[in-house]
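Student: Please take a close look at one part of this model. I would like the charged side chains and their partners, in one connected account.

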Amino acid sequence: MSRTRTMLSTTHSGTVYGIDGCAVDVETDIAAGLPAFTIVGLPDTSVKESKERVSAAIRNAGFDLPPKRITVSLAPADLRKEGSGFDLPIAVGILAAAEAVRADALDHFGIIGELALDGAVRPVKGIMALASTVAQRGRRTLLVPKQNAREAAVTGVPAVPVSHLREAVAILNGEQPAEPVSVDIGALLNEVRRYTCDFAEVRGQQFAKRALEVAAAGGHNLLMVGPPGSGKTMLASRLATILPPMEREEAIETTRIYSVAGMLADGFIGTRPFRAPHHTISDVALIGGGQIPRPGEISLAHNGVLFLDELPEFARGVLEVMRQPLESGTVSVSRAAGKVDFPARIMLVAACNPCPCGYYGHPKKDCLCTPFQIQKYAARISGPLLDRIDIHVEVPPVDIEELAANGRQESSEEIRTRVVRVRGVQSARYAGTGIFTNAQLTARLIKEHCPMTEDARTLLKHSIERLGLSARAFDRITKVARTIADMDGADTIAAAHVAEAVQYRSLDRWVK
């Protein structure tokens with residue numbers, strides 16, 4: 001009895017789960033029987049549909065699609081596969097099983113890419129996560145879409161750009177040299193490390209500028225309260241420009257998140273992110289999640305600034321889910337299939353009006369709100385959330401004389417120089433503790449690194465009692481005072497430092 005000849009091949013690819021890549025082997029079997037094309041291994045809809053794209057791409061690229069029973073298995077079989085990045089490895093696997101591609105070459109390459117019907121290779125999401133994961137299995141060279149090549153090369157993996165299925169086949173068969181893209185991370189960082197706005201454009205608001213500098217120096221969260229047109233959004237949008245420049249590891253980590261989210265336009269993120277979601281956003285869109293978890297706005301702001309304008313207008317449930325990420329710096333999304341952790345180390349900057357009409361306390365315009373309306377409006381911000389915001393600052397309207405003045409304003413670069421110096425002091429102080437800024441201090445480290453003069457201690461105690469602040473607010477004031485002392489170059493927190501820190505908690509009374 002004769003045995004039917006079976007043709008097999010295995011290509012190496014991957015899928016994204018959270019912001020991490022998972023290696024996937026694409027096994028292809030071509031056997032005798034009625035023509036059929038089956039994909040198994042927990043594929044989602046986009047993967048199931050790839051058989052139509054792959055079939056058309058193979059034919060239109062000038063290759064023969066075997067009129068036999070084709071079975072593609074995505075291993076491991078218990079891991080859900082998603083995305084269109086399996087198109088190219090499936091097509092190559094079929095051609096290798098049909099002996100149109102050298103099977104021995106497949107062990108040296110990882111393959112990722114979506115196929116158009118004419119065989120052109122299109123870019124995919126999450127190439128950074130996939131590149132490092134796939135390449136770790138034997139340090140393979142990657143065949144990636146041309147548009148994703150620089151992004152993949154940032155990880156240090158040899159990434160060969162391909163623009164068509166025919167080109168990928170030629171490289172695998174040795175008919176065309178594999179030429180990886182070369183990327184100089186240092187030069188790339190300098191190329192993209194540019195902001196489009198500057199603090200020199202802000203007139204007046206010296207008190208608010210000081211508060212923003214303190215926040216940037218210590219990594220503190222900040223809330224601004226002021227009438228419409230006082231410059232809250234303008235100030236917030238420039239906070240990222242005075243933060244320390246992104247380090248290589250931070251830039252790669254941030255770029256990886258944007259890659260997974262499919263929001264990487266220039267191939268690399270070199271500036272601190274600034275995200276400003278609308279107040280109608282859902283809790284899932286803010287912190288991340290979904291059936292297949294995706295990073296939310298808080299993770300897209302990782303290593304940068306998340307700005308929530310009109311804070312009381314956000315749904316209460318949306319604001320409350322932020323409490324844990326603000327403390328831990330991570331977002332944990334649990335699903336039946338497992339748990340995903342998204343990084344969320346951010347500076348939160350929020351802004352709101354003092355009342356529904358916006359003019360409570362305005363020197364020139366009358367407020368039309370009743371005391372009950374003002375209290376109800378303020379109560380939309382919960383006390384526990386407010387406790388997690390270190391600095392509260394009132395932003396009054398700017399006089400026309402200040403707006404029209406031609407005096408020189410400090411640039412973002414000048415302020416950033418001072419911030420970098422203070423951050424350097426903190427990094428040296430907390431070396432080996434796993435924290436980098438005063439805002440991250442734990443209760444134990446506060447006792448160890450925040451010595452106070454007796455006058456400062458007395459002032460802090462009386463302030464807490466008079467304002468009726470919580471124990472968490474006590475720690476927040478101490479952390480901010482530590483930052484102000486660092487800005488003054490002082491080892492010990494003085495009464496003047498505590499006094500300035502206490503005035504940044506005045507809005508606790510507004511919420512009560």
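Tutor: Start at E327, which is partly exposed, with a relative accessible area of 42% (buried means under 20%, exposed over 50%, partly exposed in between, with a 1.4 Å probe and protein chains only). This is a predicted model: local features need pLDDT of at least 70, side-chain atom pairs count only at pLDDT 80 or more, and totals for chains, interfaces and linings use all residues. Residues are numbered from 1 along each chain as its sequence is written, and side-chain values use heavy atoms, with hydrogens and water left out.

E327 forms a salt bridge with R476, and their closest N and O atoms are 2.9 Å apart. A salt bridge here is a side-chain nitrogen of Lys or Arg within 4 Å of a carboxyl oxygen of Asp or Glu. This pair links distant parts of the chain: R476 sits in helix α21 (residues 471-487) and E327 in helix α14, 149 residues apart. Helices (H or I, at least four residues) and strands (E, at least two) are DSSP runs, numbered from the N terminus. R476 is buried, at 8% relative accessible area.

E327 also meets R388 in a salt bridge, at 3.4 Å from N to O. Again distant parts of the chain are linked: helix α14 spans residues 323-328, while R388 lies in the loop between α16 (383-387) and β18 (391-394), 61 residues from E327. R388 counts as buried, with 10% relative accessibility.

Another of them joins R418 to E213, with 2.8 Å between the closest N and O atoms. R418 belongs to helix α18 (residues 412-429) and E213 to helix α8, so the pair links distant parts of the chain, 205 residues apart. R418 is partly exposed at 29%, whereas E213 is buried at 9%.

Now stay in helix α8 (residues 206-218), where K209 is found. K209 is buried yet has no salt bridge. Its nearest side chain of opposite charge, E410, is 7.2 Å away. For charge, Lys and Arg count as positive and Asp and Glu as negative; His and the chain ends are not counted. Leaving aside neighbours within four places in sequence, K209 is in contact (heavy atoms within 4.5 Å) with F199, V202, G204, L235 and Q409.
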